[in-house]
Amino acid sequence: MPKRIIYWFRNDLRLHDNEGFLKATQNADEVIPLYVFDTRQFEQIQPLGFPKTGQFRAKFLLESVQNLRDNLRKKGGNLLIRQGKPEAIISDLAREWEVEAIYTSKEATQEETDVETSLSKKLKVYNVDFEVFWGATLYHPRDLPFWVSRLPDVFTDFRKAVEKQSTIRSIFPEPISFKLPEGLETGKLPEIYELILFSLFPEVDPRTVLNFKGGETEALLRLQSYVWDTDHIKTYKETRNGLIGADYSSKLSPWLAYGCVSPRQIYEEIKRYEAERGANDSTYWLIFELIWRDYFRFVALKYGPRLFKPSGIQYNLELRWSHDREVFDKWVEGQTGVPFVDANMRELLLTGFMSNRGRQNVASFLAKDLGVDWTWGAAYFESQLLDYDVSSNWGNWNYVAGVGNDPRENRYFNPLTQATKYDPQGEYVKRWLPELANVPAEWIHKISSLTPDQLQKYGVKYSSPIVNTDK
Ligand code: FAD
């Protein structure tokens with residue numbers, strides 16, 4: 001009887017730097033690579049009514065899984081694709097194919113770890129081993145200079161400690177080949193409407209920053225292009241607050257979120273680039289941002305379910321949040337009457353992406369100007385963002401809403417100040433709000449100050465602000 005292992009791919013849809021998959025190919029005679037579309041991830045978020053995984057991300061995920069299958073075929077194998085509850089599907093497969101062990105990547109957040117626990121319980125009954133591998137961050141949790149329960153609550157303290165005392169492990173090579181058991185029903189890739197009812201592939205808006213396509217192959221091409229072909233990494237620190245175009249920032253986030261590229265792979269490329277073409281503040285700053293990403297992952301481990309509650313990881317029960325659905329919908333649709341906020345929200349609605357600068361502003365606006373429950377905003381981002389990452393999303397929302405680990409109290413993003421600084425000519429606002437196309441730059445962020453004559457002259461049909469932001 002050959003020794004068999006199921007490798008369950010989750011948010012690690014790649015062959016490079018995938019320790020668990022590599023070990024499965026080394027430790028077994030036959031490997032069954034598996035991806036399960038967990039139906040719970042496509043249900044509606046209640047009471048808000050939008051799907052947990054929206055159409056932009058669903059498309060990206062489908063492309064990523066297809067690409068993984070193609071790449072596994074090149075190694076002599078294939079990918080089994082199923083739809084349902086992973087814990088049930090995997091335990092059934094394990095029995096049917098008499099496998100010795102299930103290997104998978106370790107997740108940090110509640111829903112994901114609940115599935116791990118439930119699967120592990122089922123497998124115990126059948127005496128099947130269950131091994132998890134951590135590969136989602138630059139720093140391995142075991143290499144941190146403190147227990148995760150003692151994680152510093154200020155990012156800078158965390159960063160300084162890991163930079164001084166921890167090392168980043170090297171990447172794992174791709175397996176050369178592996179053998180699949182004969183006679184397996186591999187299963188077909190679902191259509192998008194089988195995942196989200198009545199959904200089709202979204203249209204590509206020509207204004208999108210990048211026509212993102214899922215999969216490891218595309219991820220590595222983007223890395224190559226951003227770092228090596230165009231040298232954009234050399235100016236990252238100066239351009240990263242941009243709003244328009246493919247290259248003001250790396251745009252690697254959607255691929256990182258589904259694990260199509262490993263953060264350590266990016267790190268090694270940057271280090272190689274620094275050795276060959278020189279290091280500067282910008283090359284370091286991309287690593288700095290990846291350390292932020294690590295930090296939120298460890299914050300999620302430390303605080304567990306508190307990350308998702310309106311009181312946040314601070315457990316702040318004094319703040320009162322509004323649940324005004326009408327106001328929230330205006331925010332979602334980009335109809336608040338505040339041009340900089342609306343432009344960003346429309347970009348998200350129509351493309352599934354928004355810059356970091358935009359995210360900080362719209363999140364602050366929802367929580368601090370409108371006083372709406374920030375968890376609604378985070379849930380909408382979960383549905384809509386192409387790069388949705390549980391820890392980064394909920395951690396950043398905690399931070400901006402003032403219930404997370406921001407050492408500065410009452411941080412506030414004033415939309416007018418921010419818009420004037422980051423979109424001085426109104427180019428970005430006009431891109432997403434065509435109804436303001438004829439407004440001169442000096443007025444573009446101050447539409448509510450225009451006289452009725454001016455409104456008519458510039459052909460403005462735009463709502464008044466739903467809240468006064470002059471704080
Ligand atoms: P770059 O500027 O090129 O940065 C490189 C990488 O560093 C990113 O891909 C990302 O992995 C990481 N990174 C950069 N900034 C942050 C940050 N603030 N927190 C954590 N990681 C960071 N990022 C997500 O990946 N998924 C999310 O769901 C998400 N939700 C967010 C919600 C809010 C309210 C805010 C303020 C930020 C959120 N971010 C999230 C962080 C950040 O906005 C995005 O990572 C970034 O805009 C992605 O673009 P990029 O890949 O070009 O980033």
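How many residues surround the ligand, and which are the closest? Select the ligand and its surroundings in this predicted model: 26 residues surround it, and the closest are Tyr236, Ser249, Ser250, Lys251 and Asn356.

**Ligand contacts**

Show the backbone of lysine 251 and leucine 252. A polar backbone atom of lysine 251 is 2.6 Å from an oxygen atom of the ligand. For leucine 252, a polar backbone atom is 3.1 Å from a ligand oxygen. Next select asparagine 396, where a polar side-chain atom lies 3.0 Å from a nitrogen atom of the ligand.

The charged end of lysine 251 sits over the tyrosine 248 ring, 3.3 Å from the ring centre.

Move to histidine 16, in the loop between β1 (4-9) and α1 (19-27). Is histidine 16 buried or exposed? Its relative accessible area is 6%, so histidine 16 counts as buried. Its side chain makes a polar contact of 2.7 Å with the side chain of glutamate 216. Leaving out residues up to four places away in sequence, histidine 16 also touches others, including Phe172, Glu174, Leu220 and Gln265.

Colour its buried residues: Glu216, Ala219, Arg222, Leu223, Tyr226, Val227 and Trp228. An α-helix has 3.6 residues a turn, so residues three or four places apart point the same way. Among the elements that cover the buried residues of α7 are α2 (55-73), α8 (236-239), α9 (253-257) and α10 (263-277). After α7 comes aspartate 231, which has a positive phi, near 60°.

**Helix α11**

Select asparagine 280, which caps the N-terminal end of α11. A side-chain oxygen of asparagine 280 lies 2.9 Å from the backbone nitrogen of serine 282. Now select the whole of α11. Its 23 residues should span 33 Å, and the end C-alpha atoms are 32 Å apart, which agrees. Because 17 of the 23 residues are buried, α11 is largely enclosed by the rest of the structure. Glycine 304 follows α11, with a positive phi near 55°.

**Aromatic rings**

Show the side chains of Phe, Tyr and Trp. The count comes to 36 aromatic pairs. In the stacked pair of tryptophan 134 and phenylalanine 298, the centres are 6.1 Å apart, with 15° between the planes. Tryptophan 134 lies in the loop between β5 (129-133) and α5 (155-165) and phenylalanine 298 in α11 (residues 281-303), so this pair ties together parts 164 residues apart in sequence. Tryptophan 134 is buried, with a relative accessible area of 9%, and phenylalanine 298 is buried at 0%.

Go on to phenylalanine 328 and tryptophan 376, an edge-to-face pair at 5.2 Å centre to centre and 70° between the planes. Phenylalanine 328 lies in α12 (residues 325-333) and tryptophan 376 in α15 (residues 374-384), so the pair links parts 48 residues apart in sequence. Both of these residues, phenylalanine 328 and tryptophan 376, are buried.

For the last stop, return to tryptophan 134 and phenylalanine 298, which belong to one aromatic cluster whose members include Phe146, Phe158, Trp285, Trp292 and Tyr399. At tryptophan 285, look for lysine 237, which lies over the face of the ring at 4.4 Å from its centre.

Technical notes. Residues numbered from 1 in each chain as written. Predicted model: local features only at pLDDT ≥ 70, side-chain atom pairs only at ≥ 80, totals over all residues. Heavy atoms only, no water. Phe/Tyr/Trp six-rings, centres within 6.5 Å; stacked < 30°, edge-to-face > 60°. Helix = DSSP H or I, 4+ residues; strand = E, 2+ residues; numbered from the N terminus. Buried < 20%, exposed > 50% of the residue type's maximum accessible area, 1.4 Å probe, protein only. Lys NZ or Arg CZ within 6 Å of the ring centre and 35° of its normal. Contact = heavy atoms within 4.5 Å. Near = heavy atom within 4 Å. Polar contact = N/O pair within 3.5 Å; in protein donor to acceptor, adjacent residues only side chain to side chain. Expected span 1.5 Å × (residues − 1).
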